[in-house]
Amino acid sequence: MKYLCACMGTPAPLLPVHGEKEYKLFAKLLRGECSDLNFDNMALVWCRYVDGKGLFPKLPVHLRTHHKTWELNERAREAVRTAAAGEVVLGQINERSLQELAGNPASSAPAPTPTCRGGGGTSAGGGAGAGGALA
């Protein structure tokens, strides 16, 4: 770090956002006092939290660049949160289905699979039949 500081002529190195403390601070600032996406202002606010150990000063370009990654990750987190409720319901349905199958062995035959044509096999109208290929 001392070498970077000497080369840059700064008391602390100016590096991209990295590490758990910086990721958490970035999210905190975006959800709070820097929600307007003014990265010049955010870089100034960031400096209030710099400790030289886990939090280092950032240039606006570092924050702007990290914001793109943060947005993608935030969308993924939101998708997981949204899908969680459906996952619980699906688990309940699967559990009931397994209990029904275990309690009634006569119904263990699989249900017929629906097809686009409404029939069960191939048609004379073409398509891929048993062993046939599409032209």
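A: Let's start with helix 3 (residues 39-46) and helix 4 (residues 60-103), which pack at an angle of about 110° with their axes 8 Å apart. Helices here are DSSP runs of H or I with at least four residues, numbered from the N terminus. Axes are lines fitted to C-alpha atoms over the stretch in contact, and angles run from 0 to 180 degrees between N-to-C directions. The angle makes helix 3 roughly perpendicular to helix 4; that label covers 65 to 115 degrees, while under 35 is roughly parallel, over 145 roughly antiparallel and the rest oblique.

This is a predicted model, so local features need pLDDT of at least 70 and side-chain atom pairs count only at pLDDT 80 or more, whereas totals for chains, interfaces and linings use all residues. Residues are numbered from 1 along each chain as its sequence is written, and side-chain values use heavy atoms, with hydrogens and water left out.

Who touches whom? A contact means heavy atoms within 4.5 Å. Helix 3 brings Phe 39, Asp 40, Met 42, Ala 43 and Trp 46, and helix 4 brings Pro 60, Leu 63, Arg 64 and His 67. By class, these are six nonpolar, one polar and two charged residues. Nonpolar means Ala, Val, Leu, Ile, Met, Phe, Trp, Tyr, Cys and Pro; charged means Asp, Glu, Lys and Arg; the others, Gly among them, are polar.

Helix 4 has another partner: helix 2 (residues 20-31) packs on it at about 85°, with the axes 11 Å apart. Helix 2 is therefore roughly perpendicular to helix 4. Here Tyr 23, Phe 26, Ala 27, Leu 30 and Arg 31 of helix 2 meet Leu 63, His 66, His 67, Trp 70 and Glu 74 of helix 4.

Now look at Phe 26 and Trp 70. Their ring centres are 6.1 Å apart and their planes lie at 65°, so the pair is edge-to-face. Rings of Phe, Tyr and Trp (its six-membered ring) pair when their centres lie within 6.5 Å; planes under 30 degrees apart are stacked, over 60 edge-to-face and the rest tilted. This pair links distant parts of the chain, since Phe 26 and Trp 70 are 44 residues apart. Phe 26 is buried at 0% relative accessibility, and Trp 70 is buried at 15%. Buried means under 20% relative accessible area, exposed over 50% and partly exposed in between (1.4 Å probe, protein chains only).

Conventions:
Helix = DSSP H or I, 4+ residues; strand = E, 2+ residues; numbered from the N terminus.
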